[in-house]
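Colleague: I would like to go through the side-chain interactions with you. Could you bring the model up?

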Amino acid sequence: MMKRFPVSKTISRFRVAIPARYASTRLPGKPLRQIAGRPLIEHVYRRALASGALEVVIATDDLRIQDVAKRFGATVCMTSPSHHSGTDRLAEAAAQLGWPDEAIIVNVQGDEPQIPPALIRQVAAGLEEHPDAGIATVCARIDDPKELFDPNVVKVVRDLQDYALYFSRAPIPWHREGFKVDREQSSRLPGEGNWFRHIGLYAYRVAVLARYPRLTPAMTEQAESLEQLRALWHGIRIHVAEATEIPPPGVDTEADLARVARQLTSSDQ
């Protein structure tokens, strides 16, 4: 029998958690880097507040991030430095804060200063409206063959009800006839636009978050280096809606910082 999760009464009562680490290989101290006069993490926090979430919490293991976040008025949950993923960090934060099993938590990455608030609401609603799902996320159509064949772009295949069948770095589904030649060099894809890229924004039920750190890693997860495959491996359904807004790229490099600074400064004028 398909597991059905408890459903809260109103979607307005979702929460947002923002995992934030100081260490970054390409951009050390990333959450505290300045963009348009504010630390990056503050921009993310303000976007999360604008989503209408009941609570917004920054989950970190670094006192420098805690100090800065408290100065701009954020709620901070200090977590263990030993977590291997943001999902593990969120699970600890949910436990510390005593959030109920049926609560919906949206995981907003700490390097997404331009995340659309409406998209945060969309993933929360996607989980609220699908009681068979333990996780909800979003996707966008792929029209460019180069994007489809790029292993850095994660693809998703969904069933008739928009539940994930599989995520992959490979070009899935494979068009047997259309891909007999090198489609990466073509100007268009065959068929009727049935390819989707995954957008890494997730909503979880707290009950699923509590289980997640105890789940054994999946062979598919390790092969693809995609954590969400652990959920599918263990039978947790993931609802994947087509995104109503496409988020701009996050911040990973100095060039990204400069780009976002220009865009945010321009939007304020």
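Colleague: Which residues are linked with Lys30 in a network of salt bridges?

Modeller: Lys30 is linked with Asp111 and Asp252 in that network. A salt bridge here is a side-chain nitrogen of Lys or Arg within 4 Å of a carboxyl oxygen of Asp or Glu. Please note that this is a predicted model, in which local features need pLDDT of at least 70 and side-chain atom pairs count only at pLDDT 80 or more, while totals for chains, interfaces and linings use all residues. Residues are numbered from 1 along each chain as its sequence is written, and side-chain values use heavy atoms, with hydrogens and water left out.

Colleague: How many salt bridges does a search of the whole structure find?

Modeller: The search finds 15 salt bridges. One of them joins Arg46 and Glu42, at 3.1 Å from N to O. Both residues lie in helix H1, 4 residues apart, which is about one turn of the helix. Helices (H or I, at least four residues) and strands (E, at least two) are DSSP runs, numbered from the N terminus.

Colleague: Is Glu42 buried or exposed?

Modeller: Glu42 counts as buried, at 7% relative accessibility, whereas Arg46 counts as partly exposed at 40%. Buried means under 20% relative accessible area, exposed over 50%, and partly exposed in between, with a 1.4 Å probe and protein chains only.

Colleague: And which residue meets Asp159 in a salt bridge?

Modeller: Arg237 does, at 3.7 Å from N to O. Asp159 lies in the loop between strands S8 (155-158) and S9 (164-168), and Arg237 in the loop between helix H8 (228-233) and strand S11 (238-242), so the bridge ties together parts 78 residues apart in sequence. Arg237 is buried, with a relative accessible area of 18%, and Asp159 is partly exposed at 24%.

Colleague: Over which ring does the charged end of Arg237 sit?

Modeller: The ring is that of Tyr163, with the charged end 3.6 Å from its centre. The criterion is NZ of Lys or CZ of Arg within 6 Å of the ring centre and within 35 degrees of the ring normal. Arg64 likewise lies over the face of Tyr22, at 3.6 Å from the ring centre.

Colleague: Turning to ring pairs, how many aromatic pairs are there?

Modeller: The count is 4. Rings of Phe, Tyr and Trp (its six-membered ring) pair if their centres lie within 6.5 Å; planes under 30 degrees apart count as stacked, over 60 as edge-to-face and the rest as tilted. Among the pairs is Tyr45 with Phe72, which is tilted, with 5.6 Å between centres and 50° between planes.
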